[in-house]
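Biologist: I want to learn how to read charged side chains in a model. Please start with the terms.

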Amino acid sequence: MNRLRRESPNNKDHDEMPASVRQISSKRALAPDGSDASEGLIDHLRGVARTNRCKAYIELFGACAALSANRNIARHAAAEVLVRCLSQALQRRPAFFRVGEKETSFDEKWLLALARSLKNDDEASATFLLNSRVPKHAHRNLVFLLRNVTDSFTQV
């Protein structure tokens, strides 16, 4: 069992601290109505991640091929496959906070930035984000899954 270390975030051992102890900036972009535009997508992915934590390993390429032709089933399946396979794409387990949490983890911020760049057809940003953390062979599948998930959200 990991013991929580209660040290300041400016300490050199910052990388050894769990995400729950680190202090992460909570600055967010607001939608025109004053609400948080990204809250819906992140809360959706957090909920799916929570319900799929104990499910069996699933291979990224095979999972993309198995998605249903039914649009509603495909959206839910894409979100489930995305959170289950994200550790393969990132080559480590991503950190998802609880649904409704005001703070976001680095992995959540990265995923939101990638979703925004895909939604806005910002190819340069999407390429940079993918190249910074994901091996080339996983780019296409990750983009496919994330596009399926974000298509059901008007704002990301």
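Modeller: Buried means under 20% relative accessible area, exposed means over 50%, and partly exposed is in between (1.4 Å probe, protein chains only). This is a predicted model: local features need pLDDT of at least 70, side-chain atom pairs count only at pLDDT 80 or more, and totals for chains, interfaces and linings use all residues. Residues are numbered from 1 along each chain as its sequence is written, and side-chain values use heavy atoms, with hydrogens and water left out.

Biologist: How many salt bridges does a search of the whole structure find?

Modeller: A salt bridge is a side-chain nitrogen of Lys or Arg within 4 Å of a carboxyl oxygen of Asp or Glu. The search finds 5. One of them joins Arg84 and Glu80, at 3.3 Å from N to O. Arg84 is partly exposed at 22%. Glu80 is buried at 16%.

Biologist: Where do Arg84 and Glu80 sit in helix α3?

Modeller: Helices are DSSP runs (H or I, at least four residues), numbered from the N terminus. Arg84 and Glu80 are 4 residues apart in helix α3, so about one helical turn separates them.

Biologist: Which residue forms a salt bridge with Asp107 at 2.6 Å?

Modeller: Arg133 does; that distance is between the closest N and O atoms. Asp107 lies in helix α4 and Arg133 in helix α5 (residues 123–133), so the pair ties together parts 26 residues apart in sequence. Both Asp107 and Arg133 are buried. Asp107 also meets Arg92 in a salt bridge, at 2.7 Å from N to O. Arg92 is in the loop between α3 and α4, 15 residues from Asp107. Arg92 is partly exposed, at 39%.

Note on methods
Helix = DSSP H or I, 4+ residues; strand = E, 2+ residues; numbered from the N terminus.
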